[in-house]
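We'll begin with a pair of helices and then move on to the core.

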Amino acid sequence: MNPVIINMVSLCRHYEMGEQTVKALDSIDLQFNRNDYAAIMGPSGSGKSTLMNIIGCLDTPSSGIYELNDRNVAEMNDDELAQVRNREIGFVFQTFNLLPRLNCLKNVELPLIYAGIAPEERKVRAEEALLSVGLGDRITHKPAELSGGQMQRVAIARALVNKPSIILADEPTGNLDTATSHDIMEMFGALSEAGNTIILITHEEDIAHFTRRIIRLRDGRIESDEAR
Ligand code: ADP
Ligand code: MG
């Protein structure tokens, strides 16, 4: 199996703003391996979210190549893209994005509903995912009954439930205290050792230092890419 799961060649994402062209991403060459654990850093406006959205197939490059699992994303149709987003990629957000009226189990089941999995199997797999993030005893709690760290664990369980190869997280510890942030980062570390690709955005150096690779963006370009 090709160890490279993500391959970007001369990738650009430009926005036409009247007379001006904003180069959100400017000729990016970047590869990720299957068990990478990487942080993307850089000042506000440097292109971090744009890069993450393209990796997650939520946005498409203006030019250049993006290959995911040896497949050119530009050649996928809408159905294939939706499948990739649902099956290959798990998203984790700063604000957790849980549905407040659903309990933990139901929140984690959501991606399985979209994937058309039968109710019995959904329940089993959602329970498994919640167990794997240490929340086996909270499955009937609603988000408001949990701490921030627990809410983020539910969100991670939801991201994991389809067994995606890639976890993408935009400031996943932005709303968590230091100790809880470190727990979450260690959990991501364990997931990457189990074979997942973990890519996260952070502006905190101490958070980035839990990863094994730090990519720094500036003005839409890679300023440095350091394996540690
Ligand atoms: P970061 O996440 O690092 O703060 P972004 O990827 O959000 O940066 O943005 C990179 C650049 O692209 C910024 O200059 C931003 O203003 C611009 N940009 C992002 N999204 C859009 C958009 N939808 N339309 C126009 N410009 C955008
Ligand atoms: Mg951003």
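## Two helices side by side

In this predicted model, α5 and α6 pack at an angle of about 20 degrees, and their axes are 10 Å apart. Angles under 35 degrees count as roughly parallel, so α5 is roughly parallel to α6. As for handedness, the crossing of these two helices, α5 and α6, is right-handed.

Which residues meet here? On the α5 side they are G149, Q152, R153, I156 and L160, and on the α6 side T180, D183, I184, M187, F188 and L191. Sorted by class, the contact of α5 with α6 has six nonpolar, three polar and two charged residues.

## The largest nonpolar core

Now for the inside. The largest nonpolar core has 39 residues, and the ones with the most contacts inside it are V108, L130, V154, I156, F188 and L200. Which of them gives the largest share? That's α5, with seven residues.

## A closer look at L200

Let's pick out L200, one of the residues with the most contacts inside the core. If you leave aside its neighbours within four places in sequence, L200 is in contact with Y37, A38, A39, I40, M52, A169, P172, M185, F188, I207 and T211.

Apart from this core lies another one, of 29 residues, with L30, I54, F91 and L217 among them.

Terms used: Residues are numbered from 1 along each chain as its sequence is written. Chains are lettered from A and ligands numbered from 1 in the order in which they are written. This is a predicted model: local features need pLDDT of at least 70, side-chain atom pairs count only at pLDDT 80 or more; totals for chains, interfaces and linings use all residues. Side-chain values use heavy atoms; hydrogens and water are left out. A nonpolar core is a set of buried Ala, Val, Leu, Ile, Met, Phe, Trp, Tyr and Cys residues joined through side-chain atoms within 4.5 Å. Buried means under 20% relative accessible area, exposed over 50%, partly exposed in between (1.4 Å probe, protein chains only). Helices (H or I, at least four residues) and strands (E, at least two) are DSSP runs, numbered from the N terminus. Contact means heavy atoms within 4.5 Å. Axes are lines fitted to C-alpha atoms, for helices over the stretch in contact, and angles run from 0 to 180 degrees between N-to-C directions. Angles under 35 degrees count as roughly parallel, over 145 as roughly antiparallel, 65 to 115 as roughly perpendicular and the rest as oblique. A crossing is left-handed if the near helix is turned anticlockwise from the far one by less than a right angle, and right-handed if clockwise. Ala, Val, Leu, Ile, Met, Phe, Trp, Tyr, Cys and Pro count as nonpolar, Asp, Glu, Lys and Arg as charged, and the others, Gly among them, as polar.
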